[in-house]
Amino acid sequence: MPGPAATSSFGSRDTAWIAATLLGTVVLAHAVVALSWVHETQVPAVRLASAWLAGMLLLRRPTPRVAIGVIVACAAVLGALVMWAAPPARLPIVLGHSVLRIAEAALTYIAVVAVGCDPRGLRRLSDLAWLGAIAVVAAPSMTGLVAVAVLQSSVHADPFSVWRDWALGGAFGMLTLLPAVLASTPGEWRRFRQPGSLVLFGVLAALCIAGVVIASLWMRQPLIVLLLPLLVASLRLGVLGTALLDLLAVLTLLAVHRWMPGARVSALHELGFGELAGYAAFGLIAPLLVSVQTERRRATARELRDAAHQLRVLHDHVPAAIGLIDADGRYRLINRRYAEFLAHEPEEVIGRMQRDILGADYEKSVEDPVARAMAGERATFETRVNGRDLEVHYVPNFTERGRNGFFVLATDVSARIAAEHALQEEKERIRVTLDSIGDAVITCDPQLRITLLNPVGEAMTGWTETDAVGRVIDEVVRLVDADGDDDVVSPMHTALTDDRIVSTQRDRALVRRDGLRFAVEDSSAPIHDSEGRVIGGVMVLHDISETRAMAVRMAHQAQHDHLTDLPNRVLMQDRLEHAVAAIPQGGRGALMFVDLDHFKTINDSLGHQVGDVVLQEVAHRLQSTVRPGDTVSRQGGDEFVVLLERLDDPQVAARAAERMIDAMRPPIDVEGHRLHVSLSIGIALYPQDANDRRSLMRHADAALYHAKHAGRARYSFFARSMSERAERRLRMEHELRDALAHGGLFLVYQPKVQRPSGAIIGMEALVRWRRADGSLVPPMEFIPIAEESSLVNDVDRWVMREACRQASAWRDGGQLPGPVSVNVSLARFDADRLLRTVGEALGDAGLPGPLLEIEFTESQMFADHERAERLITGLHAMGVRIAIDDFGTGYSSLGYLANHRFDTIKIDRSFVSGLPGDAKQGAVVQAIIAMASALEAHVVAEGVETHAQASMLDAHGCREVQGYLYSRPLEVGDFEVLLERGVVMQTDAA
């Protein structure tokens, strides 16, 4: 029984509704009796209570439980009041009336809901028709039959009269009160309460009351007068106002008929009270129907206006351009979007043709779509208007009169076109990238069918993209184990199945279509769509064949000498470690240190290119002298190491050394030079000499050192005494390094004397070393060690700076009689370094160049003519004097001496010591003096220790001497005493 608005909630509004329903039903039921609106058949001629109850139920549409409760409550309240107030004789009749009233209302409510009718607001005539059929006809008629059975026995009236009176009384209530109740919706009440409506209602109500009274007094048909204000109400006040006026008019008419006997002049006085009530109710139904229809038309008009407004809003705000072109090709309608596209206001467009707005060229470009649309066909095309890319649809406009132009629907697809162009460019960039990338790229769909294969992929697999697309990836990309022929599962399977990136595998080989295989690295990853679903995969293959080959080459280069391709120091040490550790019980082996004799001379005189060729030939000859299992290694420079494993006898090592020395006897021809090279070899045996790598290498080095000092071009086995000498040498090198760092070195000065006056004309600075215990180390012990190591450069630098500093101090004190001479070793000849050292020393001391003389030994100076020339030129540029020390003991080029200016030539003490007794040495000395005179160089005789030697030198024209005859080398303090005197007295040192 619940209606569409039924709900299960129950609140304060429901309570108020129930109270109003109960109160109205009770009040109206008793009001009829109180007003004596009852037929002679004791049937109420006006029955309003059932109409009120039915209207309240239909208006509220409660749940079945609530509806039943309200109906029962109304019946109970009415029954209780009847039993309390009715006389006992009339109790059955009154109680029957009450129950039937409630039953009539309930029957009306149930029937209306059952047929799906919703009469609230009285909006539709169809709802009114159902309501009239049920509430006015069916329900009163059916309850009238029950009333006949109930009342006939009590009043003894005609059954038809009882039924008629009951049906008319029920119909009266339903026709008059029920419409007013059902029209009482919130919307109708809001409209009714408007000031204009209330005033109009008051005026019309007054007219109705006045009209009823006047018409009843003087007119035979008063209802005609009532229709006029009621019709006005139906047109102006709506359904609620009309229903209320209907109710007021009918009740006024009944009241006049009942209580104004003088008003019965009208034709209505001939009717009984019940007939009058029914006649009035039915007679005034017309205004109500008019109001309903009027409201329906108003609602329809509002809906049409709203729809038109909504359509216009939609039309103007739809993101597409909409227009209408008639059969003459003129615009009849455009929306705002269309106006924006045309860059015109709508009023500028309406009535004009496309060529007027967009030009003749545009009209010509759309001739075909326009012709098709005019012929009744849809046409779709893309065009460009005012900088916009548009997608245009022409849709024929069919009316009742046939085709009448066409609609234009256009959307701005500029963004889409731009996106398509950008997408195309991006695809082209991706394609170019894939085509130019150095790796193979293969993509596939979820079924592992290939969708793309780039050019590198074509080259690597042997398949063209045309042939490969659509094939299963395993057919095109066949991967096997790198160390065998077993097929491996494609990583693409795992990537798509597990939805993850499969890391690169380095143990794979790719078998090309023609069977060729090469090592590859592969990596696969799934491809996802915007929702994260796997839609395919991508595989990248990188050819690592060249990388692996390069790795092998680099590993070889890392362990082999780049010049000779022999094992280098790292590989030799590794093999030596292994050989020493794996020596079997009773086994033995040998480690040989091999050094080229005087190789530095070749490098310095002929250049490194010649030296490199010599080293390559030496490496080749050394390899030819050893067994296949032995190792020949180059350690660097001219140093080689040979490892001999599995020696039966130490003599095997000796014979191997002899073969190596003999292999060097044939000359080496390089760039027109015939070079003779010899070897010095040191041999250490293991495990007897040492059983660890470091000790064994140290012992072999000591043996090599012994072989060199024993005369070179020979070999020497290690002995314990060699180790002791080597340790002393290393210890002295360490101590010399410490002396350089902590001031253990100092200078002594030996004067150069002018004969016969004895005047000091200069001095030679000589380096000395004093240990921390005060003991002196002879120069002949530590100078060779410095020259063999890198310390000689540091010693030379210190001597140069200290000598220049001291000379500058004597000069500032007015004590410097002439230049100070400094011996410089060219054991590690670096002209640029030496020039830089001299320049820094002079600059720091503030000493002029001519007050410094640098002495070079003859053999070192002329070992490399090119670098010597650069050195001489640089020193002369600084004003520094140059002296040839120990002249006559080496090999000098007379042409070289003639082409370059040397300031001083010093006669070696070995020639002076033989004077005056050795005639040959005297002749040599005389020749040196004569040559120096011819070259305009000073001559200084070294090692002059006797008067006889000095006299002999005077006789040959040598006036500058240096030696113990005049002074030993002196420390600064003692030498300054000599400088104060300015002359040195002769002392016979012989």
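A cavity is a set of points where a 1.4 Å probe fits but cannot get out.

Entry 1: I'm working with a predicted model. I found 3 cavities of 30 Å³ or more in the structure. The largest cavity holds about 80 Å³ of space. What lines the largest cavity? I noted Y338, F341, L342, Q354, L358, Y362, V385, L390, V392, Y394, V408 and A410. Helix 13 (336–342), helix 15 (354–358), strand 4 (388–399) and strand 5 (402–412) are the elements giving two or more residues to that lining. Sorted by class, the lining has 11 nonpolar residues, 1 polar and no charged.

**Entry 2: the whole protein.** I stepped back for an overview. I have 39 helices and 27 strands here. Of the 990 residues, 46% are buried. I also looked at contacts between residues at least 6 apart in sequence, and 64% of these join residues at least 24 apart.

Entry 3: Next I checked the second largest pocket, with about 1,100 Å³ of space. It has 35 lining residues, and L766, M780, I783, N823 and D885 are the closest to its centre. Which element gives the most to this lining? Helix 30 does, with 6 residues. Other elements that supply at least two residues include strand 20 (759–770), helix 31 (791–812) and strand 24 (881–887). By class I wrote down 15 nonpolar, 9 polar and 11 charged residues for the pocket lining.

Entry 4: In soluble globular proteins, nonpolar side chains tend to be buried together. I went looking for such groups. The largest nonpolar core has 72 residues, and V838, L852, I854 and L875 touch the most other members. Helix 31 brings the largest share of this core, 9 residues. I followed L875 and, leaving out residues up to four places away in sequence, found it touching L835, V838, I854, F856, V880 and I882. There's also a second, separate core of 57 residues, with V26, V113, L122 and L254 among them.

**Entry 5: two helices.** I looked at helix 25 (residues 599–606) and helix 26 (residues 608–625), which pack at an angle of about 140° with their axes 7 Å apart. Helix 25 makes the contact with F599, I602, N603 and L606, while helix 26 uses H608, V610, G611, V614 and L615. I sorted the residues of this contact into 6 nonpolar, 3 polar and no charged.

Entry 6: Most residues other than glycine have a negative phi, and most peptide bonds are trans.

- Y686 and P687 are joined by a cis peptide bond, with omega about 10°. P687 sits in the loop between strand 17 (679–686) and helix 28 (693–709).
- L915 and P916 are joined by a cis peptide bond too, with omega about 0°. P916 is in the loop between helix 36 (909–912) and helix 37 (919–934).
- N386 has a positive phi, near 50°, and lies in the loop between strand 3 (379–385) and strand 4.
- E671 has a positive phi, near 50°, and I found it in the loop between strand 15 (668–670) and strand 16 (673–675).

Are N386 and E671 buried or exposed? Exposed means over 50% relative accessible area, so N386 counts as exposed at 51%. E671 is exposed as well, at 59%.

**Entry 7: one glycine.** I ended at G843 in helix 32 (residues 831–845). G843 counts as exposed because its relative accessibility is 57%. I checked R805 too: it is 38 residues from G843 along the chain, and their C-alpha atoms are separated by 9.9 Å.

Methods:
Residues are numbered from 1 along each chain as its sequence is written. This is a predicted model: local features need pLDDT of at least 70, side-chain atom pairs count only at pLDDT 80 or more; totals for chains, interfaces and linings use all residues. Side-chain values use heavy atoms; hydrogens and water are left out. Axes are lines fitted to C-alpha atoms, for helices over the stretch in contact, and angles run from 0 to 180 degrees between N-to-C directions. Helices (H or I, at least four residues) and strands (E, at least two) are DSSP runs, numbered from the N terminus. Contact means heavy atoms within 4.5 Å. Ala, Val, Leu, Ile, Met, Phe, Trp, Tyr, Cys and Pro count as nonpolar, Asp, Glu, Lys and Arg as charged, and the others, Gly among them, as polar. On a 1 Å grid over the protein atoms alone, a cavity is a set of points where a 1.4 Å probe fits but cannot get out, and a pocket is an open set with protein on both sides within 12 Å along at least five of seven lines; lining residues have an atom within 4 Å of a point. Grid points are joined across faces, edges and corners, and a volume is the space filled by probe spheres set on the points. A nonpolar core is a set of buried Ala, Val, Leu, Ile, Met, Phe, Trp, Tyr and Cys residues joined through side-chain atoms within 4.5 Å. Buried means under 20% relative accessible area, exposed over 50%, partly exposed in between (1.4 Å probe, protein chains only).
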